[in-house]
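I opened a new notebook page for the ligand site. My plan is to look at the shell, then the contacts, then the placement.

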Amino acid sequence: MTVARVRRAWRVSIPLLCGILILVSFLMPGCRKKKETYALVPKSIGQIYWEGCRRGMEKAAKEEGIKGYFTGPATTDIAKQIDIIENLIVQGVKGIGISPNDPTAVKDVIARAMKQGIPVVTFDSDSPESNRMAYIGTDNEAAGRVAGETLAKFMGGKGEFVILTGGLGAHNLNLRIKGFREAIKNFPEMKEATDEQPDDDDSEKATAIAENLLISHPNLAGFFGVSAPGAPGAARAVKDANKVGKVIVVGFDDTPECRGYIKEGVIQATVAQRPFDMGYRAIKVLVEANKGNKPKTKIIDTGVLVITKDNLKETEQKYD
Ligand code: BGC
């Protein structure tokens, strides 16, 4: 081999060797910097409402270079939700956001995580007596008042109505009901036909309950759907009973199904929360906490927006 050939061979093989080395080191797990994991635990998975939170989490995760993990129980089961949080602690996640199914039952597990140096925030629904760092979500009592005023307006200030709620133990929903009832007090001709009915955030249950109520209370003139599946559930029943416009439906959240019923005139209004902001800000607060920056305030209000047929177009929430 001539000297020139040897030199050429080196020129070709050195960059090749470097390339291979870089590739091998990238593929070897030990050589890659593993992304830290942060988890958000909703009340239950599968409900479209949570999609906004999940997308907000993903956006923040991308910006922060961390891994976002969205995990929760299949139904609004507090024991299962606590098990999931316990597991996340054992796995050593770097931060946890929780929307508790019960504000009291989660206190201990929140305290355990915080004690181990894992920052915890609540989002969507709070556990005010726990030592979570902050709550990120709607001011539910105020939003409930808005819902009450809205239902009263559409019912002309009189008639029988029913409250269709999610889980009876949910702090956020109970605050909404409180605010709602406060607002209704100003309308003496409005009457609650029966106690609030829980659908456990299950849309089929919501429809079945609404169907039965329309039969057992023939004078029913209004539904207040407290959580996302409530109003669409009632809307299906109202439509089937041919009572569109005669029975007013006001609910919570901006889901495609709810928008469809507003367009059709079956649901008159919805109080839209900002789940994307909740997921996004929850991750941001947790990441900052690990840098030693505590949130400036313990309550971060993400606000609401009332959507009716009149502002349906301009209120479409953009997620990116
Ligand atoms: C509430 C959530 C609830 C969801 C059900 C929302 O209105 O904020 O807490 O779980 O509805 O889809």
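The model I am reading is predicted.

Entry: shell. I find 13 residues surrounding the ligand. Lys43, Asp124, Arg176, Asp201 and Asp253 are the closest. Next I looked up which helices contribute. Helix α2 (49-64) and helix α6 (171-184) each supply at least two residues of the shell.

Entry: polar distances. I took ligand oxygen atoms against side chains. For aspartate 201, a polar side-chain atom lies 2.8 Å from a ligand oxygen. For asparagine 172, I read 2.9 Å between a side-chain N or O atom and an oxygen of the ligand. For glutamine 47, the corresponding value is 3.5 Å. I then checked burial. The ligand alone exposes 320 Å², and the protein buries 100% of that.

Entry: placement. I looked up the cavities. The largest cavity is the space that the ligand takes. Why does the ligand lie between two domains? Domain 1 (37-138 + 275-303) and domain 2 (140-272) both give residues to its shell, so the ligand lies between them.

Note on methods
Residues numbered from 1 in each chain as written. Predicted model: local features only at pLDDT ≥ 70, side-chain atom pairs only at ≥ 80, totals over all residues. Heavy atoms only, no water. Near = heavy atom within 4 Å. Polar contact = N/O pair within 3.5 Å; in protein donor to acceptor, adjacent residues only side chain to side chain. Areas by Shrake-Rupley, 256 points an atom, 1.4 Å probe, with all protein chains shown as cover. 1 Å grid on protein atoms, 1.4 Å probe; cavity = no way out; pocket = protein on both sides within 12 Å on 5 of 7 lines; lining within 4 Å. Sits in = over half its atoms within 2 Å of the grid points. Helix = DSSP H or I, 4+ residues; strand = E, 2+ residues; numbered from the N terminus. Domains from an automatic or database assignment.
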